[in-house]
Amino acid sequence: MPSDDMPRDGIPGDDMPRDLTALFDPRSVAVVGASDDPAKYGHAVASQALRAPDRRPVHLVNRRGGTVLGRTAAPSLSALGEPVDLVVISVPGAGFEAAVDEALACGAKALVAITAGFAEAGPAGLARQRAIAERVRAAGAVLVGPNCLGIADNTTELYLASDRFAPGGVALLSQSGNLALELQLRGEPHGLGFSRFVSLGNQADVTLVDLVQDCARHEATSAIAVYAEDFGDGRAFAAAAAAAGKPVVLLTAGRGAASARSAQSHTGALTTSSDVVAAACRDAGVELVRTPREMTVVLAALGAGARTSGRRTAVLTDGGGHGAIAADAAEDAGLGVPELGAPTQDALRGVLWEQSSVGNPVDLAGMGEQRPLSYADTARELLAADEVDAVLMTGYFGGYAASEGGLGGGPSGGSVLADGETAAAKEIVAHLTGVPKPLVVQSMYPQSPSCRVLAEAGVPVFAATEDAARALAAMTGRAAAGTGGVPPLPAAAEPLRDPGYHGVRALLGAAGVPFPAAREITDEAGLLAAAAEFDGPYVLKALHLLHKSDAGGVALRLADRDALLAAYREMHARLGAPAYSVEAMADLTDGIELIVGVNQDPRFGPVALVGLGGVLTETLRDVAFALAPVPARRAEALLRGLRSAALLDGVRGRPAVDVAAAAAVIERITTVAAAHPEIAELEVNPLLVRPDGALALDARAVLG
């Protein structure tokens with residue numbers, strides 16, 4: 001099971017962050033495989049390395065010697081006659097090990113391996129990769145790659161990738177070079193730049209976790225952007241992101257594939273890779289995005305500064321259509337657009353004209369053309385309102401200045417409207433200084449002078465309504481984004497010896513999970529003896545069936561011993577199960593059935609599922625996920641977030657159930673599962689929660 005000290009590619013792990021100084025700020029650099037041939041990667045890296053020859057010595061190495069890029073090239077590292085701190089290796093695979101050995105012999109403390117053909121090529125390549133990584137670590141050095149596209153650090157003038165990255169505050173850690181280039185192009189209009197770029201490659205030694213930890217300590221990095229297909233130890237990544245103290249934005253691929261196609265429980269069948277990644281991101285406070293465009297939008301928003309824990313959003317518009325679309329987009333992004341209270345509406349009427357709408361969306365209804373400063377006046381009142389956490393301004397703002405500035409599309413209002421709109425933009429900036437709440441703008445003319453005033457002051461401006469709404473979502477709800485970090489795994493317990501029904505009941509019961517009285521029986525004599533131990537009504541279950549209800553292996557509400565015996569004879573004749581369980585029938589009055597399960601994910605370890613349970617679990621699919629173990633407070637939040645959460649508080653005259661009791665039981669179940677890595681799937685379904693407590697009615701475990 002993955003854990004915080006999970007070995008890196010077969011190499012023993014450690015808990016201390018690694019020192020990557022030689023990687024990002026080396027005293028000297030050598031490019032092995034430097035070339036004059038533009039078709040070779042050694043040419044691109046060498047060209048970039050020479051952009052800052054005065055910062056540190058840069059050596060070019062080509063086995064033929066001669067000159068490369070107009071500089072004398074050494075035939076080998078040894079021929080340099082001096083130690084080299086960082087070595088980039090871009091040579092054919094057959095010569096890679098020799099190049100690594102020579103670099104280590106020459107005192108290299110960091111290696112960047114461009115060469116491919118290792119783990120991605122199959123088992124033999126993986127074995128070579130592991131052996132190389134062991135040699136590097138034994139020498140006290142670090143290795144990025146192999147099969148990577150280089151690194152860059154704008155803060156130390158280290159340029160060892162084929163592309164240039166505009167300077168800025170984002171550290172970009174990517175498994176795709178082309179994607180990194182796209183992010184740079186998309187970020188340019190928003191003023192986004194990069195402190196560092198690292199191509200992750202195969203992560204044979206330096207892992208994504210190592211890099212997140214180092215970028216978290218890097219003062220010039222304000223946000224960490226990650227594109228990853230292989231997390232390695234996903235739980236450790238989530239823990240590092242949670243502890244980073246700065247925003248982490250994740251784009252990943254393959255999230256929709258089922259993580260357990262052969263699952264033997266509801267929990268396994270309902271859990272997909274996307275659920276697991278989303279749960280880890282929520283627990284760690286990571287912004288999960290789906291596309292490069294969305295990543296750019298979120299990074300632009302996170303660089304704007306103002307953030308809030310609330311999500312009550314006021315939509316400010318100058319047209320009904322834009323306002324309605326923006327309100328829908330805001331709600332789709334998880335924001336609330338509540339009707340404004342009477343005091344706020346009265347304040348808005350004081351600055352707007354009669355035909356303006358002040359409910360939310362707030363629609364100027366043409367007043368902007370008469371008095372452009374009405375945008376600023378309205379923004380001031382909305383920002384000042386205690387019931388408003390954030391403002392989304394949408395529509396035509398920017399069009400007047402765009403027309404005057406020759407950007408096209410706006411009505412000819414002349415310099416009066418253009419100047420007024422620019423003045424309004426400056427006033428909005430001043431209002432934000434006094435009341436620093438998140439404000440995002442969607443404009444038909446995002447490049448207009450007035451919109452540039454806003455953007456240069458740190459207000460995110462977008463052309464698309466959905467981008468503006470997503471940006472605002474990234475700036476709000478911060479208290480709920482992280483859930484106290486990634487829960488630590490408990491110490492591993494003695495492995496479960498009996499994965500049968502009563503063995504699992506005993507395991508959970510010892511941890512404080514309550515069950516009805518029950519006895520395992522194999523014949524009629526045992527059945528009658530069990531019935532004598534506790535009063536009816538009874539439940540009879542056929543054991544050793546994965547889905548007992550589906551197979552007709554559960555009989556409920558058996559009033560007395562005669563009914564119990566009759567049910568046993570019928571069921572045994574039909575199913576012939578080797579054993580059965582006789583149980584006291586729980587009082588289902590006013591109860592709600594939940595499901596609680598834990599599935600072992602190969603990357604993120606134990607992942608919990610909670611939701612509406614019983615026989616309709618897979619049909620309703622009203623479930624939520626979190627990394628296990630799940631503390632009771634987090635469990636209650638998951639339950640409250642279900643689509644059917646209203647049932648918990650009572651509907652149609654039914655009383656509210658004891659959610660706190662259910663949450664406490666969820667904590668116990670998920671803690672047991674997290675302490676037993678040998679259990680691939682653990683499930684309690686149903687967990688009956690009533691007004692007076694919670695009771696587990698069924699349980700199963702599947703060993704890995």
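This is a predicted model: local features need pLDDT of at least 70, side-chain atom pairs count only at pLDDT 80 or more; totals for chains, interfaces and linings use all residues.

Visitor: In which sense do strand β10 and strand β12 pair, and over how many bridges?

Guide: Strands of a sheet pair through backbone hydrogen bonds, in either the parallel or the antiparallel sense. Here β10 (residues 167-174) and β12 (residues 223-228) are parallel, with five bridges. They belong to an open sheet of seven strands with mixed pairing, ordered β9-β8-β11-β10-β12-β13-β14. Because β9 (158-161) and β14 (287-289) stand at the edges with a single partner strand each, one side of each has no neighbour in the sheet. On average, neighbouring strands of this sheet are turned by 20° against each other, direction ignored.

Visitor: Which residues touch the most other members of the largest nonpolar core?

Guide: Leu-23 and Leu-173 do, in a core of 58 residues. Leaving aside residues up to four places away in sequence, Leu-173 touches Val-198, Leu-200, Leu-208, Leu-211, Val-212, Cys-215, Ile-224, Ala-225, Val-226 and Tyr-227. There is also a second, separate core of 41 residues, with Leu-508, Phe-515, Ala-628 and Val-630 among them.

Visitor: Which way do the residues of strand β1 point?

Guide: In a regular strand, side chains alternate between the two faces of the sheet. In β1 (residues 29-32), Val-29 and Val-31 point one way, while Ala-30 and Val-32 point the other way; all are buried. β1 pairs in the parallel sense with β2 (residues 58-61) over four bridges, and Val-32 has Val-61 as its bridge partner in β2. The path from β1 to β2 goes through helix α2 (residues 41-49), a right-handed β-α-β crossover. Strand β5 (residues 86-89) is also a parallel partner of β1, again over four bridges, and there Val-29 stands opposite Leu-86.

Visitor: What is the strand order of the four-stranded open sheet, and what is its pairing?

Guide: The order is β20-β23-β21-β22, and the pairing is antiparallel. The edges are β20 (518-521) and β22 (554-558); each has a single partner strand, so one side of each is without a neighbour in the sheet. Neighbouring strands here are turned by 15° against each other on average, direction ignored. Within the sheet, β21 (residues 538-542) and β23 (residues 580-584) run antiparallel and are joined by five bridges.

Visitor: Which residues of helix α12 are buried?

Guide: An α-helix has 3.6 residues a turn, so residues three or four places apart point the same way. In α12 (residues 342-349), the buried residues are Thr-344, Gln-345 and Leu-348. They lie on the same side of α12, because they cover an arc of only 100° around the axis. These buried residues pack against β16 (362-363) and α14 (373-384).

Visitor: How many helices and strands does the protein have?

Guide: There are 25 helices and 29 strands. The C-alpha trace spans about 95 × 80 × 35 Å along its principal axes. Of the 704 residues, 56% are buried. Among contacts between residues at least 6 apart in sequence, 69% join residues at least 24 apart.

Terms used. Residues are numbered from 1 along each chain as its sequence is written. Side-chain values use heavy atoms; hydrogens and water are left out. A nonpolar core is a set of buried Ala, Val, Leu, Ile, Met, Phe, Trp, Tyr and Cys residues joined through side-chain atoms within 4.5 Å. Buried means under 20% relative accessible area, exposed over 50%, partly exposed in between (1.4 Å probe, protein chains only). Contact means heavy atoms within 4.5 Å. Two strands pair if DSSP finds at least two bridges between them. Helices (H or I, at least four residues) and strands (E, at least two) are DSSP runs, numbered from the N terminus. Axes are lines fitted to C-alpha atoms, for helices over the stretch in contact, and angles run from 0 to 180 degrees between N-to-C directions. A crossover is right-handed if, with the strands pointing away from the viewer, the path from the first strand over the helix to the second runs clockwise. The arc is that of the directions from the helix axis to the C-beta atoms.
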